[in-house]
Amino acid sequence: MARAFIFPGQGAQTIGMGRALAEAYPAAQAVFDEVDAALGENLSGLIWEGDIETLTLTQNAQPALMATSMAAMRALESEGVTIAAASFVAGHSLGEYSALTAAGALALADSARLLRLRGQAMQAAVPVGVGAMAALLGLDLATAREVAAEAAQGEICEAANDNDPAQVVISGHKAAVERALDIAKARGAKRALLLPVSAPFHCALMAPAAEAMAAALAEVTISTPDVPLVANVLAAPVSTPEQIRELLVQQVTGSVRWRESVEVMAAEGVAEFWEIGAGKALSGMVKRIRRDSLQRSIGTPDEVRAAAAALAG
C-alpha cells in the first residue's frame, strides 16, 4: 500500500509539542538542539515552556512546527522507518519546508533560518489590521472564488487555501474579506468566519515577502529530494531543485492547493497518509477529501512506535 508523508502548517502549534519525542529519542532532541543553534536562541524552551501567544507569532510558529515535524521524522528513523517508506511528501504551506527537509532536499539548519525569515517577512509585508483571512465552510472552490471576486471591489480578496471539498480560506484586504463573509452566507455557506491570524497569507499582498524569500532561497543549497514533493502551488509532483526553489517563492503569494494535492497522490496509488508532527488537522482534511484513505497522526512516542509496528507488520 503506497503512502505519503504529510506535514502540518501554521495553526497546529501547542505548548509542549515534541517534548516527549525529545525525551524518548536522542535523535529527536538533536533536532531541537540544531534548530536552537541555527537560530541562535532557545526556541525549544519557548515551544515547551513558553506562552502560546509568543509561540503563535508567525516568526516563531513556522520554525517551531518544522522542528517538531523533523523530531517526529527522526524518531521514526530511530524505529527503522525511513523516507523510503513514502512515495511522496507534501506539506501545508510552511509544512512544505518540513517535507523538503524530511526528504533530504533542505538542510535542517537552512530550513529553520528560512522559516524564521519567512515568518518575519510575511508579518512585515502588511501592516497589522490591514489584512485578514476567513474560512468559508460549505462552499466549493469555484463558488469561493466567485465570492472573493465579488467582494474585492478594487481591493485584494483571493482564495488562499483550498483545504478540502467544503473548506476554502480566503485572504486579502480586511474590508474585502469582511464583505465576503456576508456574500458567502448569501451563497449558501454553512459558516463564514474570520480567522485569528496576524497577516493575510497566500495572496497578492504578500508580494514583499515573496521578494525576500527569493533573495534568501537563492543563497541556499536545495538538493533533489529522495522522494517527490507534491507542491502546493502546482498540486503536482516535482523533484528538480530549481523548480522547487521557484515554487517556494511562488508559494508565498499563491494558493495552497491541498485538496488537489491529496487527489493527485491518491490517483498515483497513495492510500495511506501519515501526518508527521503536531496536531491532526491535515488528517481530517484528507479524510474529507478521500473517504477511502487511511490516516495516521505521528507526533508522540506511542504514535511513532505504533506506526513503525504497523509498517513492519
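His202 is buried in this predicted model, with a relative accessibility of 3% (buried denotes under 20% relative accessible area, exposed over 50% and partly exposed in between, with a 1.4 Å probe and protein chains only). The residue belongs to the loop between strand S6 (191–194) and helix H10 (207–217), where helices (H or I, at least four residues) and strands (E, at least two) are DSSP runs numbered from the N terminus. Most residues other than glycine have a negative phi. Gln153, likewise not a glycine, has a positive phi of about 50°. Gln153 lies in the loop between helix H8 (141–152) and S4 and, at 58% relative accessibility, counts as exposed.

Residues are numbered from 1 along each chain as its sequence is written. Because the model is predicted, local features need pLDDT of at least 70 and side-chain atom pairs count only at pLDDT 80 or more, while totals for chains, interfaces and linings use all residues; side-chain values use heavy atoms, with hydrogens and water left out.

Asn161 lies in strand S4 and is buried, with a relative accessible area of 9%. Beyond its neighbours within four places in sequence, Asn161 is in contact (heavy atoms within 4.5 Å) with His92, Gln167, Val168, Val169, His202 and Val256. Asn161 and Gly18 are 143 residues apart in sequence and 26 Å apart in space, C-alpha to C-alpha.

The largest pocket holds about 770 Å³ of space. On a 1 Å grid over the protein atoms alone, a pocket is an open set of points where a 1.4 Å probe fits, with protein on both sides within 12 Å along at least five of seven lines, and lining residues have an atom within 4 Å of a point. The lining comprises 30 residues, of which Gln10, Gly11, Ala12, Leu195 and Val197 lie nearest the pocket centre. Helix H13 gives the most to this lining, with three residues; strands S3 (131–137), S4 (157–164) and S5 (167–173) are among the elements that each supply at least two. The lining divides into 15 nonpolar, 14 polar and one charged residue.

Overall, the protein contains 14 helices and 10 strands, and 56% of its 313 residues count as buried. Residues 24 or more positions apart account for 74% of the contacts with a separation of 6 or more. The C-alpha atoms fill a box of roughly 55 × 45 × 35 Å, taken along the principal axes.

Note on methods
Points joined across faces, edges and corners; volume = space filled by probe spheres on them. Nonpolar A, V, L, I, M, F, W, Y, C, P; charged D, E, K, R; others polar.
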